[in-house]
Amino acid sequence: MRLSIVMCAKDPDERLLRACLDSILRSDISDYEIVLADDGSARDLTFLEGEYAPLRVLRLPHGGTLSARIAGALAAKGEIVAYCDCDDLVSFSHFSRLAEGVEAGFDVAVGGWAFFSGGCPYFLSDDTSLAEAEVRGDLLDWFFARAGREHARYVLWNKAFSAPVLRRAAQALRDRLPDFPVVYAEDALLVFFALREAQSLCAVRGGGYVYRRKGGQVTDAASNATRAACAGYVFSLFEEHARTQAQREQIASWRRYLARSLGGAFGDGGKAEKGDEAYLSHALLPANFEDYDRFLSGLKGEKSAEICGARVPYFEAEAARLGVVLRRKRGATLRIPRPRIPLLARIAHSALLLRAGAKLFPRGGRLRRFFKKFL
């Protein structure tokens, strides 16, 4: 089998879970399975196996998200393993591009991602971790390069791994699980262990993962004390397995950065450091990108298509990747919708306002938390 997609869930929102599964099924990936590691949900999720053919559910006792992620990795049958949160979405070519990166001889492939805020219908992309097309040698230097200031470096869901590399990492980490459920920062720890095992990494452009910010997330529902306990466990292993003094300094900087969010439960956050202004680049994507993916799914296997309507670079690039020749013809039955990017989103995420906001409202501040509810 080419690819295993591991998802973890505990009493998931069925509407979001189905939307996630649907986005995978309409993508252009082939020869794959979806492994749903069920972390002790009250409802048996195996009923979904009959509706989604590639899906296999692992019923697990509740042990926390990290335990479920490890179990999913060890149960995966694919030569390549990627992760997907059960309440997010993937774009049309996200997994196939990642798989191609690993198949090109790399241990890890990293892709771009888009951030969807439930308060406004827009996506915010961040490709800042993709500046280097290839990284070889000690990949922990790449992992710690921004000391926790770029999600794309340490999250699981924008990456694919060679199965043997991830399996070794999961086995090593399984032996170090604490006696409490780890529900916060657990993806960073599994990525860390995987990069310790890996020797090469490539950046994959095009496609992308769509992270949806939602109320009631496990990490948000947990108390600061619980989150701090999880983070303390994660950072203790970071510090134990760091290889250089430079990496230890980055870990210390990351600790201070995180402490401003968790407060006294995780130590003294100290003053803001240079580079805390989050992402280096922003680009708004159409809020209705799923409309284009549905069109693309219908084009699979076609050699050409007649279209009319708006010109959308995302759609046209993905069609070209499929090998479909698009011919623009007035009155064609395949009408491409206009991309929807609200004016408020354009204004709120202009480069000037983003930089000003990072300076005026530092991470962990009350005003920052207040405005994040609306932007």
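Visitor: How many residues does helix H6 have, and how far does helix H6 reach from its first C-alpha to its last?

Guide: In this predicted model, helix H6 runs over residues 163-174, with 12 residues and a reach of 16 Å between its end C-alpha atoms. That is close to the 16 Å expected at 1.5 Å a residue.

Visitor: Which residues of H6 are buried?

Guide: Buried means under 20% relative accessible area. In H6 this applies to Ala163, Val165, Leu166, Ala169, Ala170 and Leu173. They are on the same side of H6, because they cover an arc of only 160° around the axis.

Visitor: What covers the buried residues of H6?

Guide: Contact means heavy atoms within 4.5 Å. The cover includes helices H2 (65-75), H7 (186-197) and H9 (224-241), along with strands S4 (80-83) and S9 (159-162).

Visitor: How should I read a salt bridge, and with which residue does arginine 168 form one?

Guide: A salt bridge is a side-chain nitrogen of Lys or Arg within 4 Å of a carboxyl oxygen of Asp or Glu. Arginine 168 pairs with glutamate 197, with the closest N and O atoms 3.1 Å apart. Arginine 168 belongs to helix H6 and glutamate 197 to helix H7, so the pair ties together parts that are 29 residues apart in sequence. Arginine 168 is partly exposed at 39% relative accessibility, and glutamate 197 is partly exposed at 25%.

Visitor: How many salt bridges does a search of the whole structure find?

Guide: The search finds 25. One joins the side chains of aspartate 11 and lysine 10, at 3.3 Å from N to O. Aspartate 11 is partly exposed, with 43% relative accessibility, and lysine 10 is partly exposed, with 37%. Another pair is arginine 311 and glutamate 316, where the closest N and O atoms are 3.4 Å apart. Here arginine 311 is exposed at 58%, whereas glutamate 316 is partly exposed at 23%.

Visitor: Which residues are linked in a network of salt bridges?

Guide: Glu14, Arg18, Arg43 and Glu51 are linked in this way.

Visitor: Is glutamate 33 buried or exposed?

Guide: Glutamate 33 sits in strand S2 (residues 32-39). Its relative accessible area is 5%, so glutamate 33 counts as buried.

Visitor: With which residues is glutamate 33 in contact, leaving aside its neighbours within four places in sequence?

Guide: Among them are Met1, Leu3, Ser4, Ile5, Pro54 and Arg56. The list also includes Ala76, Lys77 and Gly78. For leucine 3, the separation from glutamate 33 is 30 residues in sequence and 6.5 Å in space, C-alpha to C-alpha.

Visitor: Which residues form a nonpolar patch on the surface?

Guide: A patch takes residues with over 30% relative accessible area and no salt bridge, and nonpolar side chains are joined within 5 Å. Leu343, Ile347 and Leu353 form such a patch, with about 300 Å² of accessible area together. Leucine 353 lies in helix H14 (residues 351-360) and is partly exposed, with a relative accessible area of 44%.

Visitor: What does the protein chain look like in totals for helices, strands and buried residues?

Guide: The protein chain has 15 helices and 14 strands. Of its 375 residues, 51% count as buried. The chain exposes about 16800 Å², and carbon and sulfur atoms supply 53% of that area.

Visitor: What share of the contacts comes from residues 24 or more positions apart?

Guide: Among contacts in the protein chain with a separation of 6 or more, such residues account for 74%.

Key. Residues numbered from 1 in each chain as written. Predicted model: local features only at pLDDT ≥ 70, side-chain atom pairs only at ≥ 80, totals over all residues. Heavy atoms only, no water. Patch = residues over 30% accessible without salt bridge, like charges linked within 9 Å, V, L, I, M, F, W, Y side chains within 5 Å. Areas by Shrake-Rupley, 256 points an atom, 1.4 Å probe, with all protein chains shown as cover. Helix = DSSP H or I, 4+ residues; strand = E, 2+ residues; numbered from the N terminus. Buried < 20%, exposed > 50% of the residue type's maximum accessible area, 1.4 Å probe, protein only. Expected span 1.5 Å × (residues − 1). Arc of directions from axis to C-beta.
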